[in-house]
Amino acid sequence: MHRSRLGGLIIDCLTDDLDRDAAFWSRALGYEIRPSDDPDDERYVILGTPDGEPYIEVQSVDHPSRVHLDIKTDDLEAEVQRLERLGAARATMVKHWWIMEAPSGHRFCVIPLHPGQNLGRLNTWSEDA
């Protein structure tokens, strides 16, 4: 058995000014920009959502602008296999998560939970789910 849930909304921006775009989304959604001390976050701006709500990131990308979902899980491989049984396909491994493609063609990410991370209610899946 493993657990997962919607983890976040990622606003992908094909942009040359991520700060401008993040400022727009910050004001539009009413969330403050939260600074990151992770040097790997240079392509991401995190919006400060309250505990228990999905996180929102504004991300600089090299493909057309769109929004994608992140699914957080306590067992990456089990969740990816569950989604494959539902018809999704693995597209690319990035760092420590998978970019997946739904049967509809939508891209989304499956990301491991950080130890101690509180995401509220998680769905529990058995191997045959």
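Reader: With which residue does D74 form a salt bridge, and how far apart are the closest N and O atoms?

Author: A salt bridge here is a side-chain nitrogen of Lys or Arg within 4 Å of a carboxyl oxygen of Asp or Glu. D74 forms one with R3, and the closest N and O atoms are 3.2 Å apart. The pair links distant parts of the chain, since D74 sits in the loop between β5 and α2 whereas R3 belongs to strand β1, 71 residues away. Helices (H or I, at least four residues) and strands (E, at least two) are DSSP runs numbered from the N terminus. The model is predicted, so local features need pLDDT of at least 70 and side-chain atom pairs pLDDT 80 or more, whereas totals for chains, interfaces and linings use all residues. Residues are numbered from 1 along each chain as its sequence is written, and side-chain values use heavy atoms, leaving out hydrogens and water.

Reader: Are D74 and R3 buried, partly exposed or exposed?

Author: Buried means under 20% relative accessible area and exposed over 50%, with partly exposed in between (1.4 Å probe, protein chains only). D74 is partly exposed at 40%, and R3 is likewise partly exposed at 36%. In the salt bridge between D21 and R20, whose closest N and O atoms are 3.0 Å apart, D21 is buried at 15%, while R20 is partly exposed at 45%.

Reader: Which parts of the structure does the salt bridge between R90 and E77 tie together?

Author: The side chains of R90 and E77 meet at 2.5 Å, N to O. R90 lies in strand β6 (residues 89–94) and E77 in helix α2, so the pair ties together parts 13 residues apart in sequence. R90, E77 and E84 are linked in a network of salt bridges, and the structure holds 7 salt bridges.

Reader: Which residues make up the largest nonpolar core?

Author: Such a core joins buried Ala, Val, Leu, Ile, Met, Phe, Trp, Tyr and Cys residues through side-chain atoms within 4.5 Å. The largest has 10 residues: I71, L76, V80, L83, A88, W98, M100, A102, F108 and V110. The elements giving two or more residues are α2 (76–85), β7 (97–101) and β8 (107–112), and α2 gives the most, with 3. A second, separate core of 9 residues includes C13, A22, Y31 and V45.

Reader: Which residues of α1 are buried, and against what do they pack?

Author: The buried residues of α1 are L18, D21, A22, A23 and S26. They pack against β1, β2 (33–34), β3 (44–47) and β4 (55–60), where contact means heavy atoms within 4.5 Å. Just after α1, G30 takes a positive phi of about 80 degrees.
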